[in-house]
Amino acid sequence: MPTQVTPARPQRLFGISYSPWTEKARWALEHHGIPYTFSEHTPLIDELPMRLRLRKLRGSISVPTLLTKDSFVQGSLAIARWADANGHGALLERADERAAVDAWDARAERAFEAGRALYSARLRSTPGALEDAVPAFVPEPLRRTVGRIGVAFIARKYGVDYQAEAVHEATLAEVLTALRRALAEAASQSGGALRYVVGGHFTLADIVAACAVNVVVPVGSQYVPIRPRTREAWTRTALALEFGDVISWRDALYARHRRDGAGPSLVA
Ligand SMILES: N[C@@H](CCC(=O)N[C@@H](CS)C(=O)NCC(=O)O)C(=O)O
C-alpha cells in the first residue's frame with residue numbers, strides 16, 4: 001500500500017521587506033535553502049493581529065518574526081541562528097566565531113537604528129515618500145495622513161530622535177569605517193579575492209555588515225524590493241560617495257552569496 005506523505009508546513013516569516021532586520025533574516029534562511037512564505041507587516045495596522053498571534057498583549061513585539069512548525073522565533077539574530085541550526089547550507093558561524101559575529105551584529109544594530117532614524121525623518125521631508133510607504137489598499141486622499149501616523153508610531157515605539165541627524169550620520173560613518181578596516185585586514189590575508197570580515201569565509205558577520213551598508217545605499221531591487229521614493233529616503237549621498245569601496249564590496253558579496261533575492265522588484 002502506498003504511503004501518503006504530507007508535505008511539511010513551510011515556515012512563515014513576518015517582516016518589512018525593505019527593513020535591514022528583515023533582510024538579515026531572509027538572507028540567512030535563503031542561504032540555508034529553508035522554504036518560507038513571507039507576510040508583509042504594516043506597522044500599527046498589524047500590531048494587534050501580531051500580538052494575538054504571539055499571544056503577547058504586553059511588552060514589545062517587532063518583526064522579523066518566524067513562525068516555525070512548533071514555535072515563534074523572534075528577532076533577526078535568533079532567526080539567523082535558527083536557520084543555521086536547521087538548514088542545509090554551509091554554517092554561517094562556527095562556535096569559535098560567535099563572539100566576533102556578535103560584535104559585528106552589535107555594530108550593525110547601531111547602524112540599523114541610525115538608518116531608521118534618518119529614514120523616518122527623510123520620509124517626512126521627501127515629497128511623495130510617506131504616500132509611497134503605506135499599503136496599496138489605503139485610498140489616495142488618506143495616504144499622506146496614514147503615512148504620517150505610521151512614522152509617528154514607529155518613532156515613539158523605538159525612541160527615534162529626528163533631530164540628531166549629525167549624530168546618526170556619524171554613527172553610520174563609524175560603522176562603515178570599521179568595516180573598511182576589517183576588509184583591509186582581510187585583503188592582506190586573502191590576497192585580494194572577495195573578502196570576508198570574520199574567519200576568511202562567508203559568515204553571518206558578512207550578512208549583518210552588508211545589511212548595515214543597505215541603510216546607507218539600498219542594494220539593488222532584485223535582492224530587496226523597494227519603491228523608488230523609499231529608496232531615496234534611505235539613501236545618504238555624502239556617505240555613499242565617501243564609502244564607495246565598501247558599497248562595491250557589499251554588491252560583490254550579494255552577487256556571490258545572496259541566492260535569488262527576496263522576490264520581484266517593486267520598481268515601476
Ligand atoms: N532586535 C530586533 C529589532 C527589529 C526591529 O526593530 N523591527 C522594526 C523594524 S522598523 C519593526 O518591527 N517595526 C514594525 C513595528 O514595530 O510594528 C531584531 O533584530 O529583529
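This report walks through the predicted model, from the whole chain down to the ligand.

## What you're looking at

This is a predicted model, where local features need pLDDT of at least 70 and side-chain atom pairs count only at pLDDT 80 or more, while totals for chains, interfaces and linings use all residues. Residue numbers start from 1 along each chain, as its sequence is written.

The mean pLDDT (the predictor's confidence in each residue, from 0 to 100) of the protein chain is 91, and 92% of its residues reach 70 or more.

## Overall build

The protein chain has 11 helices and 4 strands. These are DSSP runs, numbered from the N terminus: helices are H or I with at least four residues, strands are E with at least two. Why call the radius of gyration of the chain in line with a compact globule? Because a compact globule of 268 residues would come out near 18 Å, and the protein chain has 19 Å, which agrees. That radius is taken over C-alpha atoms, and the globule rule is 2.2 Å times the number of residues to the power 0.38.

Among contacts between residues at least 6 apart in sequence, 73% join residues at least 24 apart.

## Two domains, face to face

Domain 1 covers 11-86 and domain 2 covers 95-257, with bounds from an automatic or database domain assignment. Their C-alpha centres lie 19 Å apart. The contact between them takes 13 residues from domain 1 and 18 residues from domain 2.

On the domain 1 side, helix H1 (20-31) and H3 each supply at least two residues. H1 gives the largest share, 6 residues. By class, this side divides into 9 nonpolar, 2 polar and 2 charged. Nonpolar means Ala, Val, Leu, Ile, Met, Phe, Trp, Tyr, Cys and Pro, charged means Asp, Glu, Lys and Arg, and the others, Gly among them, are polar.

## Around the ligand

Which residues are closest to the ligand? They are Trp21, Pro43, Ser62, Val63 and Ser76, out of 14 residues that surround the ligand (near means a C-beta atom, placed from the backbone, within 6 Å). Helix H3 (76-86) and helix H6 (143-157) are the elements that give two or more residues to this shell.

Both domains take part: the shell draws at least three residues from each of domain 1 and domain 2. By class, the shell has 7 nonpolar, 4 polar and 3 charged residues.

Conventions
Contact = placed C-beta atoms within 7 Å.
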